Amino acid sequence: MKTNIKYLAIAAVALFASCNKQLDITPEGSPSAQNFWKTEQDAIKAEAGMYEKYNEEDYYGRGMFWFINASDDMVTGRNKPEADNIKNFNRNYIGGGYTESQWSMRYAIIKRANDIIINVPNITMDEARKKQIIGDAYFNAGLVYFQLAANYGNDKAGVPIVTPETDASVPVAKANNVNENYDYIISLLLKAADNLPYFSEMKDTDYGKAHKTAAWAYLSKVYLYKKDYTNAAKYADMVISSGKHDLLTNFVDVFKAANNWSKEYIWSVVCTPNGGGTGWGSKLPGVMLTNKAWGIYNGWGYYLPTKELYDSFESGDLRREATILKPGDKFQFFGAERTFTKDGGATSNYQFKKYMEPFSYANPIPTHVNPNGDNGTTDLNVPLMRYAEVLLIKAEAAINLNGAGAGDTELNKIRKRAGLIAKSGMTLVDLKRERRNELAGEWADRHRDLVRWGDAQATYAKPLHDFDGAVIWPARNFNPQVHDVWAVPQREIDNSSGVIKQNAGW
């Protein structure tokens with residue numbers, strides 16, 4: 001990990017020649033020097049450039065997490081009107097700063113991936129390395145397209161498809177529907193899987209780049225969203241039967257930096273607390289940390305759990321205490337035992353605990369925690385996809401295909417680790433609870449689950465509560481004909497001269 005982070009950071013800068021500030025980077029992110037695309041080193045630098053956005057605060061630090069924050073599992077945490085508008089499905093958030101960049105940052109990565117797909121095949125270089133870099137480009141394009149399509153696309157309209165052959169200077173209209181996007185994403189991920197090595201075959205200096213089972217795992221998730229349960233099960237099974245992955249014995253160990261590359265790893269944001277003196281990767285651990293962290297560190301105090309989430313766990317579920325801190329809980333922070341108390345202005349009395357391990361050590365700065373609390377990265381890679389989610393995808397697909405009990409094998413593996421007894425005949429109700437409890441506070445996206453299950457309207461019609469039962473978020477009006485997708489960023493509509501249309505109802 002240590003060498004890979006330095007590699008990504010340095011190579012991303014080298015890609016843009018003498019540029020030394022992020023503002024100097026070409027907006028579309030395309031390396032366009034006339035003497036580029038000549039050597040193996042050019043290909044390696046271009047590959048690193050696809051990961052440069054991972055370090056942006058609004059990419060995997062917050063950004064789309066404001067959309068995940070709409071779920072019933074969490075509340076905003078602090079008084080933020082624009083964030084409140086997002087959570088309340090209020091169109092007044094359109095044009096604000098929190099989510100406007102999601103669209104353009106991901107299309108920048110697609111542009112960089114497309115440039116690799118076009119140019120790298122013509123470079124004389126090691127063929128195995130060439131194949132891996134091309135596979136990485138297909139994977140990254142497929143991944144960010146999926147993030148865009150799932151959040152902005154529905155049966156009324158998808159998102160623009162920009163292929164390697166598309167003229168990037170000409171605005172592209174949205175796809176007719178999200179299934180067009182999913183079909184294109186599937187084609188990208190299939191090509192990625194064909195080109196990529198297994199993670200076990202990679203050098204440690206390449207850790208953090210795409211690998212074969214990551215492509216299969218996201219194929220299973222795309223098919224799940226497409227409601228093609230046969231193929232969702234097929235690709236989940238390919239990950240499962242590969243023998244490359246397994247659950248860690250203890251749930252709490254998943255969120256320890258020492259296990260960043262464990263068998264449970266599928267895909268993560270690679271993070272470092274002090275690479276090059278600035279840190280790298282997702283700031284989510286610092287964003288979720290209690291505001292001002294009891295005067296010891298600059299926690300941001302966002303995305304706080306609700307009583308609804310806490311109460312959803314079965315009695316004896318080991319995941320609950322590993323996931324959530326509540327008043328009176330004991331925990332380690334900067335080498336000392338503390339009793340959890342909330343910040344005075346916090347919306348909720350709870351805090352997510354999953355990303356707290358780096359803060360537990362005595363003197364964790366800079367070995368485990370970024371010296372700069374405004375950039376709260378740690379040495380824990382923030383997971384985007386875990387093997388546990390692959391099991392959950394397989395179980396959901398199996399139940400949809402074959403009814404109650406068809407997902408028992410996968411669900412009971414997860415339940416056993418959580419300290420729960422095995423069950424038989426489990427239904428979609430059981431699947432939904434296990435998915436919620438296993439993946440709470442993660443990028444798996446509880447809000448998107450509720451939308452695709454058709455449960456969002458009824459769920460959001462109920463208020464959210466604090467530890468003591470007080471209402472901390474009122475009931476909300478979710479219109480499934482409008483709010484099943486988020487609004488297209490206004491600047492994308494403006495920049496396209498109206499070629500890109502706003503999603504219906506927004």
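Helices H6 and H7 cross in a left-handed way, where left-handed means that the near helix is turned anticlockwise from the far one by less than a right angle, and right-handed means clockwise. This is a predicted model, in which local features need pLDDT of at least 70 and side-chain atom pairs count only at pLDDT 80 or more, while totals for chains, interfaces and linings use all residues. Residues are numbered from 1 along each chain as its sequence is written, and side-chain values use heavy atoms, leaving out hydrogens and water. The labels come from DSSP runs numbered from the N terminus: helices (H or I) have at least four residues and strands (E) at least two.

**Two helix pairs**

Axes are lines fitted to C-alpha atoms, for helices over the stretch in contact, and angles run from 0 to 180 degrees between N-to-C directions.

| Pair | Axes come within | Crossing angle |
|---|---|---|
| H6 (residues 101–119) and H7 (residues 127–152) | 9 Å | roughly 155° |
| H15 (residues 408–417) and H16 (residues 428–439) | 11 Å | roughly 45° |

Angles under 35 degrees count as roughly parallel, over 145 as roughly antiparallel, 65 to 115 as roughly perpendicular and the rest as oblique. H6 and H7 are therefore roughly antiparallel, whereas H15 is oblique to H16. The crossing of H15 and H16 is left-handed.

Which residues of H6 meet H7? Among them are Trp103, Tyr107, Ile110 and Ile117 of H6, and their partners in H7 include Ile134, Tyr138, Val144 and Leu148; contact here means heavy atoms within 4.5 Å. By class, this contact of H6 with H7 has 16 nonpolar, 3 polar and 1 charged residues. Ala, Val, Leu, Ile, Met, Phe, Trp, Tyr, Cys and Pro count as nonpolar, Asp, Glu, Lys and Arg as charged, and the others, Gly among them, as polar.

On the other pair, Leu411, Ile414, Arg415 and Arg417 of H15 touch Leu431, Arg433, Glu434 and Glu438 of H16. That contact of H15 with H16 has 3 nonpolar, no polar and 5 charged residues.

**What lies under cover**

Is H15 mostly covered or mostly open? It is mostly covered, with 7 of its 10 residues buried; buried means under 20% relative accessible area, exposed over 50%, and partly exposed in between (1.4 Å probe, protein chains only). Asp408, Glu410 and Asn412 are among the buried residues of H15. The cover over H15 includes H13 (318–323), S8, H14 (387–402) and H16.

Strand S8 (residues 382–386) has 5 of its 5 residues buried. S8 pairs with S2 (residues 265–269) in the antiparallel sense over 4 bridges, and two strands pair if DSSP finds at least two bridges between them. In this pairing, Tyr265 stands opposite Arg386.

Most residues other than glycine have a negative phi, and most peptide bonds are trans. Ala293 is not a glycine, yet has a positive phi of about 45°; Ala293 sits in the loop between H11 (284–288) and S3 (304–305). At 0% relative accessibility, Ala293 is buried. Phe334 has a positive phi too, near 50°, but is partly exposed at 21%. The peptide bond from Ile365 to Pro366 is cis, with omega near 0°, and Pro366 lies in the loop between S7 (351–352) and S8.
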